[in-house]
Amino acid sequence: MAASAVTTATTDSSSMQRKQQQNAKLDTSSSSSASASAGDQNDALEKDFFWTYTEEPHRTRRMAIIKAHPEVTKLCGPEPLTKWVVLGVVSLQFLLAHLLRDTSFFSWKFWLTAYVFGATCNQNLFLAIHEISHNLAFRSPTANRLFAIVANLPIAVPYSASFRPYHLTHHKSLGVDGLDTDLPTAFEALFLDSILGKAFFCTFQIFFYALRPMAIYRVPFTWVHWLNLTIQLFFDYAIVFLLPDSLFTANSLFYFLFSSFLAGSLHPTAGHFIAEHYVYEKITPEARNPDNKIPVPETFSYYGPLNWVTYNVGLHNEHHDFPAIPWTRLPKLYEIASEFYEGLPQHRSWTHVLWQFIFDEEIGMRCRVKRKVGGRVVGGGNVSAKQPQHQAKEAGWGDDEIEA
């Protein structure tokens with residue numbers, strides 16, 4: 001009887017041990033499975049854009065700055081100096097195109113002039129059109145539209161009329177997938193996510209910015225587009241075929257076109273395209289998970305000397321906070337509201353931005369903040385299926401939106 005009891009107790013003890021071992025294995029297996037799943041999720045997040053459910057930061061900061069410093073609203077409005085700077089740069093490009101009329105495209109003199117002077121001038125004109133698109137050269141919207149066409153002439157490709165609605169939508173729909181055409185597409189992120197791919201993008205980024213909008217949605221073709229197209233094509237034709245060779249030749253047109261290409265290629269001033277909104281900060285796995293709603297820095301400023309030739313576009317947080325403040329008064333905005341800007345991440349060199357973008361494995365096409373919904377189209381347009389019409393209201397840019 002006693003022996004039987006001992007045998008039974010031993011059997012029960014062995015059975016309990018086996019069950020405990022099985023449960024331990026199951027727990028280990030579940031833990032490994034959960035770790036693997038979390039690892040896969042982290043890997044997926046690492047290879048994707050920075051998706052977020054948070055509001056874009058500029059409206060919130062704008063309201064806070066106005067509350068703390070209401071005098072900043074007096075900085076808004078056109079800058080008369082802009083038109084004189086534009087006319088000076090356009091005249092300089094005309095002069096250089098005239099001087100290079102008999103210089104071979106394949107000569108070092110042609111390439112050096114186009115890179116040092118031509119690309120800098122045309123980048124300046126790109127950003128002059130950017131200023132003018134915010135109605136910051138004249139009080140009259142029509143005068144701004146017409147003057148942008150003048151600034152467009154040395155660029156040699158008609159783009160000022162199309163740039164405005166896409167750029168203002170970028171402001172109204174920062175990071176919104178299917179609306180913000182400044183964002184790289186999933187296709188670009190997939191096929192250009194390597195050193196060679198990023199080098200290709202930086203070399204030919206002017207074409208990406210020109211063609212990408214048409215792949216996302218199209219804006220209506222208005223009288224301004226027709227006028228921009230007609231005047232630019234006539235100007236290009238006149239340089240080659242109508243004006244005497246003592247003034248301009250086909251080489252002059254090549255100079256304009258090559259200057260535009262270099263302005264959006266591996267040129268120091270072209271670094272601003274990437275510096276403005278690509279995420280260069282180290283982002284934690286927690287911040288990468290959109291469910292945590294942790295804001296990711298998505299606009300970066302630059303306070304270096306190249307702002308002198310680019311209408312202070314480096315002050316990009318300031319510009320997005322107050323797009324109605326012209327380039328000459330953005331430093332004053334920083335001075336007044338310095339407590340809001342001093343702690344924000346910034347770049348110290350646009351050249352280093354390009355270098356780091358190409359060679360740093362942790363920075364690439366996917367390093368942009370994206371939102372699935374929100375925003376709106378400025379000036380109308382056929383929005384892609386990604387962004388339903390009820391989520392993207394058509395809207396103009398009225399005087400009552402001076403703070404937005």
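Y334, with a relative accessibility of 23%, is partly exposed (buried is under 20% relative accessible area, exposed over 50%, partly exposed in between; 1.4 Å probe, protein chains only). This is a predicted model, where local features need pLDDT of at least 70, side-chain atom pairs count only at pLDDT 80 or more, and totals for chains, interfaces and linings use all residues. Residues are numbered from 1 along each chain as its sequence is written, and side-chain values use heavy atoms, leaving out hydrogens and water.

View 1. Rings of Phe, Tyr and Trp (its six-membered ring) pair if their centres lie within 6.5 Å, with planes under 30 degrees apart called stacked, over 60 edge-to-face and the rest tilted. That rule gives 35 aromatic pairs. Y341 is buried, at 1% relative accessibility.

**View 2. Charges over rings: R212 on Y209 and K372 on W51.** Here NZ of Lys or CZ of Arg must be within 6 Å of the ring centre and within 35 degrees of the ring normal. R212 sits 5.1 Å from the ring centre of Y209, over its face. For K372, the charged end is 3.9 Å from the centre of the W51 ring.

**View 3. Around L243.** L243 belongs to the loop between α10 (223-242) and α11 (250-263). Its relative accessibility is 31%, so L243 counts as partly exposed.

View 4. The structure has 0 disulfides (cysteine sulfur atoms paired within 2.5 Å).

Technical notes:
Helix = DSSP H or I, 4+ residues; strand = E, 2+ residues; numbered from the N terminus.
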